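My notes are below, roughly in the order I went.

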Amino acid sequence: MSNKIKINLKVNGENVTYEVEPQENLLRALRNNFNWDVKCGCEAGECGTCSVLLDGKEVKSCLTLAAACDGHEIWTDKGLGLNDRLTARLQEAFVECGSVQCGFCTPGMIMAGVEYLKNGGKADRKAIKYAISGHLCRCTGYIKIVDAIYKVAEEIEEGALA
Amino acid sequence: MKHNLKLVGTAVPRHDARAKAKGEQLFSDDWTMPNMLYGKVLRSKYPAAILRGIDTSKAEALPGVKAVLTAKDVPHNEDITKFGQMIDVGGGFEGLYKVLATGKIRSKSEAIALVAAETEEIAEEACNLIEVDYEPTEGVFDPREAIKDGAYLVSSEDNSNVIMRTKIQDGDVDKVWDQCDIIIENDYYTSPNDHAYLETEGGMGWLDENGVITLRVGSQVLEHYRTIAKILGVPHTMVRNISVPMGGGFGGKEDITVETYIALLVQKTRRPVKMVWSREESIETHAKRHPEYLHYKTGATKDGKIIAQQVSIVLDGGSYTYLTPWVQMYSTYAAAGPYKIPNVKIESVSAFTNNTLSSANRGFGSPQVNFAYERQMDQLADKLGISRVEIRKRNIMHNGDAMPTGFIPQGHIALEELIDKVDKSLNATPKPDRLPDGRKVGRAIAIGHMTYGRLTFMHDSSRVSIRIELDGTVTLRAGVPDIGGGQASVLAEIVAEELGLNIEDVHPFIMDTHLTPLCGTTTATRQLYMSGNAAMKAADVMRDRILNEASKILKYPVESLALGDRKVYLVNNPTVNVPFVTVVNSLSNNGGMLETIEQFNAPFTDVPNLKDIKGEVLPDLTYTCHGVEVAVDEETGVFEILRIIAGIDAGKMVNKNSCEGQVEGGAVYHSLWATHEDLQWRNGITKANNFSTYIIPTSVDIPDIETIILESGGGFGPYGAKGVGEPSDNSIAPAVINAIRDAIGTDLNLNKMPITYEKIMCACKGIKID
């Protein structure tokens, strides 16, 4: 019945081989292999909860074909937080700023924040709001999420994270 | 003696925030087991039909299918809806809970059959193979039609579509209409809206080694395990939910969602079963905010005093009763607004229709009437030539004023201060007529009141347990469903505060129906009030034990000692102290009990006479004021919210971040309800069933929220706190619409949701759209 194919990926710094269905999206492939921090909110590219970094660029994993990721590198919120200082700092800023309520959008939001900051994003609330606008949050009203990204952007500008 | 507060009021991080930020928090969909099956629900093809028969043979024959259940396979397919209340309220408040369809199908979301299979794909294919013999019927989709004689009957169990009728009357409106210098009369309609939590409903279950049906399902009401046990025909001890923090709730996970289905499939297959709803299934299936058709007639004298408020409300209850009577009570008691009005008549009726069922959604019946009465107020002000701030101030309730039932709220009423502060901030600079880009600018404020804590005739209670460990840390056990508002963490904060410990010293273990004391539901903005007080009681008991023991060690009287910095110290000379952990070990050595469970009871009242509700039906209320500034493009009707000022009397901010988070999140939750959140119901079919068609606010749709949080100390929660979760979304929607009205200078098309850009554009051109 199954037409599973093998793909080789680097996930959170580790070389792995996943068996996936040809039509399987990256979201399912990651979750089927216990990357539970990648959340499924709509599976239609509308909510942003499943965002991961694919070769350093933020993508919605539900809209990404797993098979097409063969040979590519993926980082998720959990993995990046353990390996990347800026991500760990942003995660902590989310804690400090009260940016986390139910927490379901949080890993995806942090991916958006990390991409913004790594691309030289400034402490500019309007720009931060645009950077996270592909991510829905129903709890916070976004204010404290913007606060956290803004705070880390300021720290980068002040050289505190150099 | 009590010490000065160290944690309470600060922005101390919540215990669960770090795990959630680091991607370590597991939600309902993140649990799996070996040998696990996948469950699916077959939903009705039609919103109204008679179920003639079901043939499951082809589905059962599909390889990989392990169970196909229909109503005949459910041990007890019907029960009475219960929402964790400790008493049987009766009196029309409890309706039918039917697990799988029989007789008349009442909506598209009606569950026809359940399937468990080796994979999700097989389960879905099996659903497609179930042959259902439907006889489609006409149905009724408007509750105003449903209550008419001879209307299509939605259910096969009732001989009327009316769910409940109720009335509140004070004075006599009919005697004073001719004394009114002005009467404002309007019809309003408020849309159903979806909770749109980012986590859909889901979870898993299995049989434990003793045959206990064990669930891991996020639910706002742990006490549903009793209903599930009854459905399964097993004792309450044999269904356990080790619940999971929810990715948002907002009332949508207050009714039973997946848990009965999973339990039935586990009981049948004796294997672990997982079920997770897709976004489409979630939006099409779970209960919505009640759509309400409201008629308001407000009469005032020329000095701006309202002397009569007459309201009639028709609520669309959808396909089943669920929480409709409770929601109706909230709409009815709140319908006159937070105003002191001598003559009030409020009549409400709820009815079945073939729409998706209606039940709890943040605000629970309050935002619907709030939208209408606050729309009335601005029209009244303008007709009388009195400012919209002034008209409110001339009529608002103050401490000691009675509500229309005669009940005098005992908590503080901060409406005047809220109005003044929000107005001052909103109008700190003169309002420009237009922005440089030509868009018209509008400003408005709106106020609201909403109860925190359940209706008092539900006899609400909560229990919390604490155990002091031998290293001086504290295990807190509480069956408190955490939907993301910090419901559990705040209990730890209270206990840490009262025992003079650090926040990290107290760890909450939560949400297990059989291992944690039941805290009651995470609904009705009640957890801080109810479980907060229970936690406070438990901490008080333990503090007394600690102080008594410390008194023996330090040889100073108990009254001279206090707790703080993980020590017990002499208040007049803190250098005389003993470590908390030393006292704990001494207490243990001397046979003292290091554990306690305490219960807090809300005020209890009797079930009111629904034909004429009098007296106390709620414990207290939280008051809000929202200020909004918008810019409107008259050519397109497109508006932008430029400012939102969210004012609330929180009584006391127990956790600053959590409290602000509710106030900000609440304002955004309903910022676009009136204009954008349209499920596009068409004869019982939900057209907008995903996030590209059902539009909720994104980060670029709303401005930064300016919060004004008063701390009057006048609430009945710990430290004088009031509840903020639901009241936070209460007065924002009319503020947005009234600001648009202020910008475009007309009331045309602004009374019936959804108030689309098209309607606003037409209003600007004087074209009426109904």
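**Ground rules.** I am working with a predicted model, where local features need pLDDT of at least 70, side-chain atom pairs count only at pLDDT 80 or more, and totals for chains, interfaces and linings use all residues. Residues are numbered from 1 along each chain as its sequence is written, while chains are lettered from A and ligands numbered from 1 in the order in which they are written.

**Sheet in chain B.** I looked up an open sheet of four strands, order 20-28-29-32 in chain B, with mixed pairing. Strands (E, at least two residues) and helices (H or I, at least four) are DSSP runs, numbered from the N terminus; two strands pair if DSSP finds at least two bridges between them. Strand 20 (440-452) and strand 32 (705-710) of chain B are at the edges with a single partner strand each, so one side of each has no neighbour in the sheet. On average, neighbouring strands here are turned by 15° against each other, direction ignored. I then checked strand 20 of chain B against strand 28 (residues 620-632) of chain B: they run antiparallel and are joined by 13 bridges. Within strand 28 of chain B, B:Thr624 is the residue opposite B:Gly448.

**Helix pair in chain A.** How do helix 4 (residues 106-118) and helix 6 (residues 143-157) of chain A cross? Their axes come within 11 Å and cross at roughly 30°; axes are lines fitted to C-alpha atoms, for helices over the stretch in contact, with angles from 0 to 180 degrees between N-to-C directions. That makes helix 4 of chain A roughly parallel to helix 6 of chain A (under 35 degrees is roughly parallel, over 145 roughly antiparallel, 65 to 115 roughly perpendicular, the rest oblique).

**Positive phi in chain A.** I found two residues in the loop between helix 1 and strand 3 of chain A, A:Phe34 and A:Glu43. A:Phe34 has a positive phi of about 70° without being a glycine, and A:Glu43 has one of about 55°, also not a glycine. Buried or exposed? A:Phe34 counts as exposed because it has 9 C-beta neighbours inside 10 Å, whereas A:Glu43 is buried, with 21 other C-beta atoms within 10 Å. The cut-offs: buried is 20 or more other C-beta atoms within 10 Å of the residue's own, exposed is 12 or fewer, partly exposed is in between, and C-beta atoms are placed from the backbone.

**Helix 7 of chain B.** Nine of the eleven residues of helix 7 (residues 259-269) of chain B are buried, so it is largely enclosed by the rest of the structure. Among the buried ones I noted B:Glu259, B:Tyr261 and B:Gln267. B:Arg270 follows helix 7 of chain B, and its phi is positive, near 60°.

**B:Leu129.** I placed B:Leu129 in helix 3 (residues 120-129) of chain B. It counts as partly exposed, with 18 C-beta neighbours inside 10 Å. B:Leu129 and B:Asp55 are 74 residues apart in sequence but 8.9 Å apart in space, C-alpha to C-alpha. Leaving aside neighbours within four places in sequence, B:Leu129 is in contact with B:Lys58, B:Ala59 and B:Leu62.

B:Pro754 is in the loop between helix 17 (732-744) and helix 18 (757-764) of chain B.

Conventions: Contact = placed C-beta atoms within 7 Å.
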